[in-house]
Amino acid sequence: MDKYPDQKRAVQFLYPPIEPYDQRMLDVGQGHRIYMEQCGNPDGVPVIVCHGGPGGGTSPAMRRYFDPKVYRIILFDQRGCGRSRPYASCEDNTTWHLVADMEQIRELLDIDSWMLFGGSWGATLALIYAQTHPDRTTQLILRGVFLMTQAELDWFYGGGAGKFWPETWARFTDLVPEDERHDLITAYHKRLFSGDRDEEIRFGRAWSAWENALASVYSNGVSGESPGDYARAFARLENHYFSNAGFLHMDGQILANMGRIAHIPGVIVQGRYDMICPPEAAHSIHREWPNSDLIMVRNAGHALSEPGISAALVRCMDQLAEDLVV
């Protein structure tokens, strides 16, 4: 859940733009090739960025939350999105494939352990990776926490958030026949995977618009129209994951397994008025995670690019850099 093109207000807090010193496509199996890049200090502290979505892809702005003199910054596009290929493919595309892809990247780059930096679905993936490989995780920096639970899906696709944005919700639901509106994830799945490309793009844009419209605390409930191919890929991948409950073994799995990472330090940056991923999830894992700090950002919503969120994340990474240097 995350692809919000609003970098202008936050740019003052970010490091200057940088270019990668390493870019490559990795064959991760099952016909998938994923894009990976490195920038910053090749001998620095390794940190891997888990982007949102599922299906959002990385952006150059994501490189700029880290001091490039201190950090070895690793970005990758998850299966089926961004520059990874095949584009929009949901075959052999599960949470566990992504965790395995991250391990392949780590081993390829000869990194013993690394920091994980992720927001929204990226926070979900970072938490699942850390719980699977706690010995390879040194630190977690999370934003806009999403725990991949049915309650969270019910909130966003079952009418909870729609009570705050009824006119925006109506645009999202009105595309579907009334007798299917009790399960919008399934209703949209039927159309996003219909085989009719025009229909898939139409419903992909509607799916993306509902999420993008609620990403910022400054939103007026309307978002610009996403490019057709991007909207289709984003919506298909996100719907695929949500239709399968994130491919987790049980509802509430992440919270139940917080004991596995109790020893790992972490920071949670959460917008107080996050309409997509309400603060309850961030608060819940903080209570189960004694080695974590929770930073609740006032006057902020969900988007990575909100000024308060960006400022808090950069401060966090700078503080960690100071501690590491000392």
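**Exercise 1.** Determine what distance separates the centres of domain 1 and domain 2, and describe the contact between them.

*Solution.* Begin with the bounds, which come from an automatic or database domain assignment: domain 1 comprises 5-150 + 247-324, and domain 2 comprises 151-244. Taken over C-alpha atoms, the centres of domain 1 and domain 2 are 24 Å apart. Counting contact as heavy atoms within 4.5 Å, 37 residues from domain 1 and 28 residues from domain 2 take part. The model is predicted, so local features need pLDDT of at least 70 and side-chain atom pairs count only at pLDDT 80 or more, whereas totals for chains, interfaces and linings use all residues. Residues are numbered from 1 along each chain as its sequence is written, and side-chain values use heavy atoms, with hydrogens and water left out.

Next, take the buried area, that is, the accessible area (1.4 Å probe) that two parts lose on being put together, summed over both. Domain 1 and domain 2 bury about 2,700 Å² between them, with 62% of it on carbon and sulfur atoms.

Finally, turn to the polar part of the interface. A polar contact is a pair of N or O atoms within 3.5 Å; within protein, one must be able to donate a hydrogen and the other to accept it, and residues adjacent in sequence count only if both atoms are side-chain atoms. The rule finds 18 residue pairs in polar contact across the interface of domain 1 and domain 2, both residues being at pLDDT 80 or more. Salt bridges (a side-chain nitrogen of Lys or Arg within 4 Å of a carboxyl oxygen of Asp or Glu) between domain 1 and domain 2 number zero.

**Exercise 2.** Find which residue pairs with Asp101 in a salt bridge, and explain what the pair ties together.

*Solution.* The salt bridge rule gives a count of 15. In one of these, the side chain of Asp101 meets that of Arg79 at 2.8 Å, N to O. Because Asp101 lies in helix α1 and Arg79 in the loop between β4 and α1, the pair ties together parts 22 residues apart in sequence. Helices (H or I, at least four residues) and strands (E, at least two) are DSSP runs, numbered from the N terminus.
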